[in-house]
Amino acid sequence: KGVLYIVAMPIGNRADITERAKEVLASVDCIAVEDTRHSRPLLQSLGITTPLMALHEHNESQLVSRLVDQLDSGRSLALISDAGTPLISDPGFPLVRACQQAGVRVCPIPGPSAVICALSAAGLPTDRFLFEGFPARTSSARCDQFSRLKNESMTLIFYESSHRITESLADMARVFGGDRQAVIARELTKLHETILSHSLDELCQILEEDANQRRGEFVVLIAGASRNEDEIDPEAQRIIEILLEEMP
Ligand code: SAM
């Protein structure tokens, strides 16, 4: 049987590709990419001439069984994303699951991912964190999503694009409270890399005043809800209420 390699790519700085990633990409029979126009120049600059095929969210489910058959018959495949680690807010989950089910080996080739890159430098607790991917697209769905996370004590991590960063931050300030500490990690590993650590209100203001701070790609990290020593854990409170109702 062949092997499916899940290969992490740089999130901006091309020098972040690993030696092992280059070896694997050069040796497999085919590389599945999100967008051939995006990945071809980078692969060419690395001297990698392996054939490419497009695998994106729109054709992934149709292609999965064909790819699993090919892997089953001994061909090896590498999956890459436009940036970072495949499957992390990117395509690949149906393929990996189908390979697992078909007994095809899935081999991760680790490397950059914006979520871990941002967390490592944000100065917020890293021992427990909750990665939420992209917030919902509409303001009301976003506010519902944030409300469910309001009392969460883990560091919260979101991806966001330049199109929605100001709206998302405003909703975060509204739901989590303007004085909640947060970090915006922008354009990581690139020329304009910026890591800003402030309250949500201050971050909203910085972005409002400086259009440059609204450009590029963003990871937003929110400090978890602080646990007051006297405060009862919301889950414990819920259980106490259920028990009290049941008591004679
Ligand atoms: N698979 C990627 C990973 O492992 O990080 C994430 C892909 S997701 C479609 C793209 C989002 O990741 C961007 O909108 C942004 O939120 C985040 N991102 C990617 N590269 C980034 C960078 N250099 N700086 C900050 N955020 C980045």
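Helices and strands here are DSSP runs, numbered from the N terminus. By that numbering, Thr 189 falls in the loop between E8 and E9. The model is a predicted one.

**Ligand shell**
- The ligand is surrounded by 24 residues.
- Gly 84, Ser 113, Ala 114, Tyr 159 and Leu 188 are the closest of them.
- By type, the shell divides into 10 nonpolar, 8 polar and 6 charged residues.
- Helix H5 (114–122), strand E7 (155–161), E8 and strand E10 (217–222) each contribute at least two residues to this shell.

**Strands around E10**
- E10 is largely enclosed by the rest of the structure, because 5 of its 6 residues are buried.
- E7 and E10 run antiparallel and are joined by 6 bridges.
- Tyr 159 stands opposite Val 219 of E10 in this arrangement.
- E8 and E10 also run antiparallel, with 5 bridges between them.
- Ala 182 has Ile 222 in E10 as its bridge partner.

**Nonpolar core**
- The largest nonpolar core holds 58 residues.
- Val 7, Ala 78, Leu 79, Ala 118 and Leu 221 have the most contacts inside this core.
- Beyond its neighbours within four places in sequence, Ala 118 contacts Ile 157, Ala 185, Leu 188, Val 219 and Leu 221.
- In soluble globular proteins, nonpolar side chains tend to be buried together.

**The loop between E8 and E9**
- Glu 187 lies in the loop between strand E8 (181–186) and strand E9 (194–199).
- Its phi is positive, about 55°, although Glu 187 is not a glycine.
- Thr 189, in the loop between E8 and E9, also has a positive phi, about 65°, and is not a glycine.
- Most residues other than glycine have a negative phi.
- Glu 187 counts as partly exposed because 16 other C-beta atoms lie within 10 Å, and a residue is buried only at 20 or more and exposed at 12 or fewer.
- Thr 189 is partly exposed too, with 16 C-beta neighbours inside 10 Å.

**Leu 71**
- Leu 71 sits in helix H3 (residues 60–72).
- Leu 71 is buried because 24 other C-beta atoms lie within 10 Å.
- Not counting residues up to four places away in sequence, Leu 71 touches Lys 1, Gly 2, Leu 4, Leu 77, Cys 99 and Val 104.
- Arg 105 is 34 residues from Leu 71 along the chain, and their C-alpha atoms are 9.1 Å apart.

Definitions and conventions
Residues numbered from 1 in each chain as written. Predicted model: local features only at pLDDT ≥ 70, side-chain atom pairs only at ≥ 80, totals over all residues. Helix = DSSP H or I, 4+ residues; strand = E, 2+ residues; numbered from the N terminus. Contact = placed C-beta atoms within 7 Å. Near = placed C-beta within 6 Å. Nonpolar A, V, L, I, M, F, W, Y, C, P; charged D, E, K, R; others polar. Core = buried A, V, L, I, M, F, W, Y, C linked by C-beta atoms within 7 Å. Pairing = 2+ DSSP bridges.
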